Amino acid sequence: GIAPTASFNSNDATYVPHGGGIYIDSNNTIIRNALIVSNNMFTAASAGNLGTYTNAWGAAIGVSTVGYPVRSYVRLENCTLDANRGTNSVYNGGNPVYNNREDNGVIVLKNTFVQETEGDAAFLDVRNSITPTSCAFTSENARFTDGENGNILLKQPVDKAFRGAAKGDYRLTSGSELVDKGEVIGWMTAASKDLYGRKRLVHKIPDIGCSELGTGLLLLFK
């Protein structure tokens, strides 16, 4: 299915191993223009746990394939992931290999902003099946940075990329490094809009994340 222009935020996942904001199992899913923020992955304290977020994978999104042998195929397009608490932001799991068959998922990210979580790096990818293109990350811990598949490593604090991330306002600022750094995707037309209702192809090159800057209008005052 397709879940366009949606927000997944402020979910507290207790005793759940992965997928704090979104959990996808054995399904083909496209998520566009989504804001996935402030989701918390908590795990039960036990003798085997080394910390609060031990085994709490995918604070923002977790993909698995418990419904073997179907593989989950997930695309995140023009999404914004921020302030999610857990071992990492995006988790691509799956069960161990049985009879030489891997029942792992595939995650494709395009034009997506991923803020590092409190606990670890952007991804936990046990099957090497996460592919980001024209995405932006905020930490040296990110596996995919400058110039690889058009991805960029932000060189400014995240709060300067948006109007007011701390207050939940993820509209871009004019000085944001996310502006005009995405790629045109097939669903984008002149009528396509971002999460906030702004046209997506104002400058013919989309911005990274759920928000698009400006209206493209030039106002003249006398």
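## Glu 183 and Lys 110

In this predicted model, Glu 183 counts as partly exposed because its relative accessibility is 24%, whereas Lys 110, at 16% relative accessibility, counts as buried. The side chains of these two residues meet in a salt bridge, with a distance of 3.6 Å from N to O. Glu 183 lies in the segment after S19 and Lys 110 belongs to strand S12 (residues 106-110), so the pair ties together parts that are 73 residues apart in sequence.

## Glu 212 and its surroundings

Glu 212 is found in the segment after strand S19 (169-172), and with a relative accessible area of 0% it is buried, since buried means under 20%. Leaving aside neighbours within four places in sequence, Glu 212 is in contact with several residues, including Asp 194, Ile 205, Pro 206 and Arg 200.

With Arg 200, Glu 212 forms a salt bridge in which the closest N and O atoms are 2.7 Å apart. Both partners lie in the segment after S19, twelve residues apart, and both Arg 200 and Glu 212 are buried.

## Other salt bridges

A search of the whole structure finds five salt bridges. One of them joins the side chains of Arg 171 and Asp 169, at 2.8 Å from N to O; Arg 171 counts as partly exposed, with a relative accessibility of 26%. Elsewhere, Arg 32, Arg 75 and Glu 77 are linked in a network of salt bridges.

Note on methods:
Residues are numbered from 1 along each chain as its sequence is written. This is a predicted model: local features need pLDDT of at least 70, side-chain atom pairs count only at pLDDT 80 or more; totals for chains, interfaces and linings use all residues. Side-chain values use heavy atoms; hydrogens and water are left out. Helices (H or I, at least four residues) and strands (E, at least two) are DSSP runs, numbered from the N terminus. Buried means under 20% relative accessible area, exposed over 50%, partly exposed in between (1.4 Å probe, protein chains only). Contact means heavy atoms within 4.5 Å. A salt bridge is a side-chain nitrogen of Lys or Arg within 4 Å of a carboxyl oxygen of Asp or Glu.
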